[in-house]
Amino acid sequence: MSTSVDLDKSAVEPTFVGISGGRRARNALATGLMTLAFLIALVPLVWVVWTVVSKGLAPVLTGHWWSESLNGLLARQQGGGAYHAIVGTLLQGLVCAVLATPIGIMVAIYLVEYGAGTRLARATTFMVDILTGVPSIVAALFVYAVWISIFGLPRSAFAVSLALVLLMVPVVVRSTEEMLRIVPDDLREAAYALGVPKWKTIVKVVIPTALSGMLTGIVLALARVMGETAPVLILVAYAPFINFDIFQGNMASLPLLMTVERSNPTDAGADRLWGAAITLILIITLFQLLAAFLSKVTAPKTK
């Protein structure tokens, strides 16, 4: 014997309630305000980029800009290039990255994996927050007081790199710390259940999982500090020739080249000023693309 039960379709089918006119109007107003704010923020950015490109593209397109220095040229003479400043910028940034990256990563590992909730971790976090807001000129003056005034060492590109380290370390710590916190605790617990030591779990499980975001943060932090002007003005003197020795002698950089050429009233000075500006923008853009590439390549493979 079978029993059939007829269900009222209106009882099981969902009922769709129309959106009121007032809600539609508020949604349209919020969308319009967000779009307007985006366009307002985009105007100065496009204006700056267009000004730099229109005034600095001509010298950058010449071959000698990338392969020659300004050694032997007078201030009013056209020609020459920014090879010496490009080399100086990359060398100072490379030394800064070599020093700041391991320090920042190890501090972040301590804060997340070992010292969570301890008094030392809270003090370290407080100091990292302070360093994040320190102006570049303060970092440069601190290095000048210690490196030059106390130790009596000469002004050099290495001193510039030390000042950039103070600016890069807190950014690396913050970005690495956030990436390590994203790693699920289940992965750590699974490794501990298999008898894997904590340090090996961090090296073999936690860091590879967070490596994509860590590399992105490191590259972006380096791109940020490479454009700082105060350290190069205080800690090293400008040189129109190429110098590969970061420990002694004067060394140029793109921010320092722009500062020097800013006082040159000739057309040659204006071309070099805007050419150095667009070159620095191109280098930072390449670092941004490198960060995106590393993030994609090192991202954990999931099905």
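Visitor: What does buried mean here?

Guide: Buried means under 20% relative accessible area. Exposed means over 50%, and partly exposed lies in between. Keep in mind that this is a predicted model.

Visitor: Is Ala-276 buried or exposed?

Guide: Ala-276 has a relative accessible area of 0%, so Ala-276 is buried. Ala-276 sits in helix α12. Leave out residues up to four places away in sequence, and Ala-276 touches Trp-65, Leu-254, Leu-257 and Met-258.

Visitor: How far apart are Ala-276 and Ile-86, in sequence and in space?

Guide: In sequence, 190 residues separate them. In space, Ala-276 and Ile-86 are 8.8 Å apart, C-alpha to C-alpha.

Visitor: Now helix pairs. How are two packed helices described?

Guide: Take α11 (residues 254-262) and α12 (residues 267-297). Their axes come within 8 Å and cross at roughly 160°. Angles over 145 degrees count as roughly antiparallel, so α11 is roughly antiparallel to α12. The crossing of these two helices, α11 and α12, is left-handed.

Visitor: Which residues of α11 make the contact with α12?

Guide: From α11 come Leu-254, Pro-255, Leu-257, Met-258, Glu-261 and Arg-262. The α12 side includes Gly-269, Arg-272, Ala-276 and Ile-283. By class, the contact of α11 with α12 has 9 nonpolar, 2 polar and 3 charged residues.

Visitor: What about α4 and α7?

Guide: The axes of α4 (residues 83-114) and α7 come within 6 Å and cross at roughly 35°. The crossing of α4 and α7 is right-handed. Their contact has 23 nonpolar, 5 polar and 2 charged residues.

Visitor: Where do nonpolar side chains tend to go?

Guide: In soluble globular proteins, they tend to be buried together. In this model, the largest nonpolar core has 66 residues. Among the members that touch the most others are Met-168, Leu-222, Leu-254 and Phe-287. Helix α7 (residues 157-182) gives the most to this core, with 13 residues.

Visitor: What does Phe-287 contact?

Guide: Set aside its neighbours within four places in sequence. Phe-287 is then in contact with Leu-90, Val-219, Leu-222, Ala-223 and Met-226.

Visitor: How should I read Leu-90?

Guide: Leu-90 has a relative accessible area of 39%, so Leu-90 is partly exposed. Leu-90 is found in helix α4. Not counting residues up to four places away in sequence, Leu-90 touches Met-226, Ile-283 and Phe-287. Leu-90 and Ile-283 are 193 residues apart in sequence, yet 9.2 Å apart in space, C-alpha to C-alpha.

Key:
Residues are numbered from 1 along each chain as its sequence is written. This is a predicted model: local features need pLDDT of at least 70, side-chain atom pairs count only at pLDDT 80 or more; totals for chains, interfaces and linings use all residues. Side-chain values use heavy atoms; hydrogens and water are left out. A nonpolar core is a set of buried Ala, Val, Leu, Ile, Met, Phe, Trp, Tyr and Cys residues joined through side-chain atoms within 4.5 Å. Buried means under 20% relative accessible area, exposed over 50%, partly exposed in between (1.4 Å probe, protein chains only). Helices (H or I, at least four residues) and strands (E, at least two) are DSSP runs, numbered from the N terminus. Contact means heavy atoms within 4.5 Å. Axes are lines fitted to C-alpha atoms, for helices over the stretch in contact, and angles run from 0 to 180 degrees between N-to-C directions. Angles under 35 degrees count as roughly parallel, over 145 as roughly antiparallel, 65 to 115 as roughly perpendicular and the rest as oblique. A crossing is left-handed if the near helix is turned anticlockwise from the far one by less than a right angle, and right-handed if clockwise. Ala, Val, Leu, Ile, Met, Phe, Trp, Tyr, Cys and Pro count as nonpolar, Asp, Glu, Lys and Arg as charged, and the others, Gly among them, as polar.
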